[in-house]
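The following note sets out numbered points on the model shown below, for a reader who wishes to work through its pockets, cavities and local backbone features.

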Amino acid sequence: MTVTYDPHHPMYLDEADTRVELARVFDTCHSCRRCVELCPSFPTLFGYIDRHVDLDAGRMTPFQQDHVVDQCFQCKLCYVNCPYIPGQHESAIDFPRLMLRAAAMRRSSGRVTLRDKVTSAFLGSTDAIGALAVVTVKFTNKVIGAKPGSLIRKAVEVTTGVSSVRLLPMFARERFSAWFTKRPRVRVGKRQGRVTVFPTCLVEYQEPTIGKALVKVYEHNGIECSLTTAGCCGAPYLHGGDMAKFTKIAVDNVAALAAEVRRGTDIVVPQPTCGFVLKKDYLDYVGGPDALLVSQHTYDAAEYLMKVHATEGLSLDTDFDGPVPETITYHTPCHLLAQNIGLKSRDLMKLTGARIKVVQQCSGIDGLWGLRAENAELSIPIGKKLAAMVKDANGDVVVGDCHLANTVITEQSGVTPHHPLQVVARAYGLDTE
Ligand code: SF4
Ligand code: SF4
C-alpha cells in the first residue's frame, strides 16, 4: 500500500495498491465519522462497512469503493474538517485527493464508460465551447434555456451527458476579454497595486458583468488591471480523473501565470473553484518553483481588496455613494472555505454598511459534478436545502461568489444572486453593466 497523492508516483495508478489505500482510509473514516453530514460519500461508505459484524473496511468490494468515489463532488470540506491530514498526522489522509487518485486509477485501467468519457470531454472543453457559444449566442441560449425536462434538453443530455433537468448558466453576447481589450484606457490615481485578472471561463463566456465590476472596483481603488494569457484552469478534467489532460493544461498555465507574476503583478480570481486550482492544485499536481510562485501570488478577488485595506500605507475607499442594500444574504461556496482565507467577501461587503447574513451550505454542484445527468438526483436535494436556507435568511439581496452555486440558488428559489464585487461596484456608484 502506498500513501501518495502524486500522479507521477509509479504506484499512483496501480489498481491493487489504490484499493488497499482506499480500505486503509475508509477504516479510519469509519471510526472517526466526523464528515458524515458533509456529502453522500460518507453515509454510503459507513453503510457498506456497517453491514459486516467486524466493521472491516477491507471487506468492501471494488464496486462499493467506486460507489463512494462516484458520490464525491470534490467540495474539499472533509479535508478542511480532518485532523489526520498530511503534515499534521502520520495517517496523512487527504480524502478528496484520494478520491481523485481512485478516479484516475479507474480511468487509466479502462474502467470508465464511453458515456462518462464523452461527458468529461464535453465539460472539459470550456474554452472551445465558450468561444463557439458566444458567437452563436442566440441559438445556444435558446437550446440551453429550453424548459428543463423538454425534448431539446433531453437531446442535449443524450449527446453531452449534461442533465436535462438542471438550470444552466446562459452565455453572454460579448466575451469579458473583448470588453477588456476595447475599453478606453483608464489612468488609475495613486497606484496601490498591479494585478493580472484570471477571469475564469464562467466570467469570460457566461457572466462578464462580474469581471467588469471587478476591474471597475479595482481601478477605482488605484489597482491597475491586466488580463492573463492563460486559459481554463482545467478543473473539469482534474475532477473527472483525467490527470494527463489536466496536467498538460496546468503546466502551460503555470508557465504563463508565473511569467506574469515575474512582471510584477499578483493574480486575482473571481471564482472560488478556479482560485483553489491555481492556489492548491497546481502546487500539488505540477509542483516546482513556478507553481509555488503562482500559488503565493494568487488571491480571491475580495481577498486581495481586503489585503489592500489591511496593509499599512495602502487604503481602500470606504466612501460609498451608491445604493447599498440594508441586509445581504451571503452564500459561502465550499471552494472558498477550502482556501482557508476567512470570509473576505463578507468583510468587504460589511465595509459598505450592509448587514450580512451568512449561509453556509454546499450547493451540490462543486465544479460541474452536479450538472452530470447521473448526479442530478443526488445533487438537487442539496441545492434545495441551500435555497431553503437562503429563503429563511430573507436578506434584501442574495450574494454569492460562485456563479454555478448562484445558478443553483436561482434554479431552486427563482432569486438571482449577485457576485460580491457587483455589490461593491454598485455601492461605489459605478456602472456595473
Ligand atoms: S470532498 Fe466533499 S464531496 Fe468529496 S468526500 Fe469530501 S466532503 Fe464529500
Ligand atoms: S476525512 Fe478525516 S475527518 Fe473526515 S471522516 Fe475521514 S478521517 Fe474523519
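1. The lining of the largest pocket in this predicted model divides into 25 nonpolar and 11 polar residues, with no charged residue. The pocket holds about 790 Å³ of space. Its lining comprises 36 residues, and those nearest the centre are Phe122, Thr126, Ile129, Phe171 and Gln206. Two or more lining residues come from each of helices H6 (114–124), H7 (126–135), H8 (137–144), H9 (151–160), H11 (200–206), H13 (235–239) and H15 (272–285). The largest share, 5 residues, belongs to H7.

2. The second largest pocket has a volume of about 600 Å³. It is lined by 29 residues, of which Asp70, Asp116, Trp369, Arg372 and Asn375 are the closest to its centre. By class this lining contains 12 nonpolar, 10 polar and 7 charged residues. At least two residues each are supplied by H3, H5, H6 and H13, and H5 gives the most, with 4.

3. What is the count of cavities of 30 Å³ or more? There are 4 of them. About 120 Å³ of space lies in the largest cavity. Of its 16 lining residues, Cys29, Cys32, Cys35, Phe42 and Cys82 are the closest to the centre. Helix H1 (15–32), helix H2 (41–50) and H4 each contribute at least two residues to this lining, which has 12 nonpolar, 2 polar and 2 charged members.

4. H15, helix H18 (334–337) and H21 are the elements that give two or more residues to the lining. The classes here are 8 nonpolar, 7 polar and 1 charged.

5. The shell around ligand 1 consists of Leu38, Cys39, Phe42, Cys72, Phe73, Gln74, Cys75, Lys76, Cys78, Phe95 and Pro96. These residues divide into 9 nonpolar, 1 polar and 1 charged. Phe42, one of the residues of this shell, is also among the residues closest to the centre of the largest cavity.

6. Two residues other than glycine deserve attention for their backbone angles. Most residues other than glycine have a negative phi. Glutamine 74, however, has a positive phi of about 60 degrees. This residue lies in the loop between helix H3 (62–70) and helix H4 (77–81), and it belongs to the shell around ligand 1. Glutamine 74 counts as buried because its relative accessible area is 4%, under the 20% limit. Alanine 92 likewise has a positive phi, of about 50 degrees. It is found in the loop between H4 and helix H5 (95–108). With a relative accessible area of 16%, alanine 92 is buried.

7. Helix H21 (residues 403–413) has as its buried residues His403, Leu404, Ala405, Asn406, Thr407, Val408 and Ile409. The elements that cover them include H11, helix H12 (208–220), strand E5 (327–331), helix H20 (376–393) and strand E7 (397–400). Just after H21, glycine 414 takes a positive phi of about 85 degrees.

8. Is serine 163 buried or exposed? Its relative accessibility is 2%, so serine 163 counts as buried. Serine 163 lies in the loop between H9 and helix H10 (176–182). Apart from neighbours within four places in sequence, serine 163 is in contact with Arg153, Glu157, Leu371, Arg372, Ala373 and Ala376. Of these, Arg372 is also listed among the residues closest to the centre of the second largest pocket.

9. Asparagine 141 is placed in helix H8 and is buried, with a relative accessible area of 18%. Beyond its neighbours within four places in sequence, asparagine 141 is in contact with Ala146, Met170 and Phe171. Phe171 is itself one of the residues nearest the centre of the largest pocket. The C-alpha atoms of asparagine 141 and arginine 33 are separated by 44 Å, the two residues being 108 residues apart along the chain.

10. At the level of the whole chain, the domain assignment gives domain 1 (15–108), domain 2 (114–160), domain 3 (176–231 + 242–310) and domain 4 (327–427). The centres of domain 2 and domain 4, taken over C-alpha atoms, are separated by 24 Å. In the contact between these two domains, 6 residues of domain 2 meet 4 residues of domain 4.

Conventions
Residues are numbered from 1 along each chain as its sequence is written. Chains are lettered from A and ligands numbered from 1 in the order in which they are written. This is a predicted model: local features need pLDDT of at least 70, side-chain atom pairs count only at pLDDT 80 or more; totals for chains, interfaces and linings use all residues. Side-chain values use heavy atoms; hydrogens and water are left out. Buried means under 20% relative accessible area, exposed over 50%, partly exposed in between (1.4 Å probe, protein chains only). A residue is near a molecule or strand if one of its heavy atoms lies within 4 Å of it. Ala, Val, Leu, Ile, Met, Phe, Trp, Tyr, Cys and Pro count as nonpolar, Asp, Glu, Lys and Arg as charged, and the others, Gly among them, as polar. On a 1 Å grid over the protein atoms alone, a cavity is a set of points where a 1.4 Å probe fits but cannot get out, and a pocket is an open set with protein on both sides within 12 Å along at least five of seven lines; lining residues have an atom within 4 Å of a point. Grid points are joined across faces, edges and corners, and a volume is the space filled by probe spheres set on the points. Domain bounds come from an automatic or database domain assignment. Contact means heavy atoms within 4.5 Å.
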